[in-house]
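I opened a new notebook page for this chain. I wanted the overall build before any single residue.

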Amino acid sequence: MSDSLKILTQSIKAKAIELGFDLCGIAPVRESCFKEQFREWLEQGYAADMTYMKREPERRLNPSLVMPATKSIVVVAKNYYTEVPENFPPDSARFARYALNEDYHNVMKKPLQELLRFIEENNDHKVTGKIYVDTGPLLEREIAQLAGIGWFGKNTMIINTRKGSWFLLGELLLDIELPPDTSAIGGCGTCTRCIDACPTGAIVRPYVVDSRKCISYLTIENREEIPASLAERMGNRMFGCDICQEVCPFNIRHALPTKDPDFQPRPHIHNHKLTELAMISDEEFRDLFRKSPVKRSKRKGLARNCAAALLLRK
Ligand code: SF4
Ligand code: SF4
């Protein structure tokens with residue numbers, strides 16, 4: 001490995017922090033170590049109706065098939081943690097923290113594009129790069145572990161021992177071979193708090209989530225009715241669910257609220273009554289959730305979630 005590539009790697013990491021990312025690491029390019037687990041997860045039906053997960057699993061398990069020229073992957077992580085008011089009113093809708101303001105795809109993509117430009121300008125030959133933010137066929141959490149960002153918790157989130165797990169991830173596939181970081185090491189030990197706290201029993205065993213039971217899937221990706229036995233356990237979580245991160249001791253000890261304006265809760269976001277959202281019009285939905293990740297569930301989905309929770313809550 002040449003000195004110039006080592007220097008470039010250091011400057012990429014420094015630039016990533018300057019651009020507002022909280023962590024940055026370099027992953028080597030290799031086939032997934034979780035091939036069997038991923039196939040079993042699909043076979044068990046745990047991907048629910050997320051058909052895109054089943055499409056071309058080989059590509060998902062091997063970054064070289066996504067961009068054949070890939071020689072290294074820059075992984076960035078951005079803290080999106082914000083504090084939710086204590087005594088949150090049970091008749092108001094609760095949104096996953098990442099959905100309280102701007103769509104994170106845009107928030108992450110712009111600085112990643114800038115980072116790619118920086119690499120192009122600072123490398124001595126032409127660079128080909130591809131940006132991913134939670135949309136492409138990549139097992140991004142495994143790649144984040146390889147890049148030293150964090151290790152897998154039993155809730156399947158990537159946990160950084162000193163910072164917790166409230167991170168959004170982004171990747172930059174590059175055709176230059178940068179020196180990789182050491183894979184992150186750590187573990188949950190005997191803790192089972194997330195498994196015990198999950199209201200729907202979606203963490204069927206450590207490191208395995210059944211999406212069919214997970215409130216995040218049920219309230220966002222799911223286009224069908226929410227089964228009554230699960231709807232009655234959702235409480236007021238109307239778009240996504242943070243419970244298995246909220247109870248994690250690594251977050252309780254280490255998470256610090258982000259200062260990024262794009263992740264600060266929009267005014268009044270915590271004041272929407274379930275009864276109002278159950279009846280929301282298309283126009284009101286568009287106005288309230290402009291440029292927000294909540295658009296993913298569509299008005300119909302959000303109204304369905306609120307109606308189901310109101311009818312069936314325990
Ligand atoms: S997001 Fe919520 S429902 Fe899904 S596994 Fe975590 S605690 Fe359970
Ligand atoms: S709550 Fe406990 S078991 Fe779950 S991810 Fe955190 S440390 Fe691991």
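**Entry 1: the model.** I noted that this is a predicted model. I read every entry below with that in mind.

**Entry 2: secondary structure and overall form.** I looked up the elements and found 15 helices and 10 strands in the chain. Next I checked the radius of gyration, which is 20 Å. The globule rule gives 20 Å for 314 residues, so the chain is as compact as a globular protein of that length. I also took the box along the principal axes. The C-alpha atoms fill roughly 65 × 40 × 35 Å.

Entry 3: I asked what share of the 314 residues is buried. The figure is 53%.

**Entry 4: charges.** I counted 45 positive and 41 negative charges in the chain. I compared their mean positions and found them 2 Å apart.

**Entry 5: domains.** I looked up how the chain is divided. Domain 1 covers 3-83 + 102-174, and domain 2 covers 193-312. Their C-alpha centres lie 24 Å apart. I then asked how many residues each domain brings to the contact. Domain 1 gives 35 residues and domain 2 gives 36 residues.

**Entry 6: backbone angles.** I reminded myself that most residues other than glycine have a negative phi. I went looking for exceptions.

Ala48 is one of them, with a positive phi of about 50 degrees. I placed Ala48 in the loop between helix 2 (35-43) and helix 3 (51-54). Is Ala48 buried or exposed? Its relative accessibility is 11%, and buried means under 20%, so Ala48 counts as buried.

Lys291 also went on the page. Lys291 is not a glycine, yet its phi is positive, at about 60 degrees. I found Lys291 in the loop between helix 14 (282-288) and helix 15 (298-312). Is Lys291 buried or exposed? Its relative accessibility is 52%, and exposed means over 50%, so Lys291 counts as exposed.

**Entry 7: side by side.** I set the two residues together to close the page. Ala48 sits in a loop and is buried. Lys291 sits in a loop and is exposed.

Key
Residues are numbered from 1 along each chain as its sequence is written. Chains are lettered from A and ligands numbered from 1 in the order in which they are written. This is a predicted model: local features need pLDDT of at least 70, side-chain atom pairs count only at pLDDT 80 or more; totals for chains, interfaces and linings use all residues. Side-chain values use heavy atoms; hydrogens and water are left out. Helices (H or I, at least four residues) and strands (E, at least two) are DSSP runs, numbered from the N terminus. The radius of gyration is taken over C-alpha atoms; the globule rule is 2.2 Å times the number of residues to the power 0.38. Buried means under 20% relative accessible area, exposed over 50%, partly exposed in between (1.4 Å probe, protein chains only). Lys and Arg count as positive and Asp and Glu as negative; His and the chain ends are not counted. The place of a charge is taken as NZ of Lys, CZ of Arg, CG of Asp or CD of Glu. Domain bounds come from an automatic or database domain assignment. Contact means heavy atoms within 4.5 Å.
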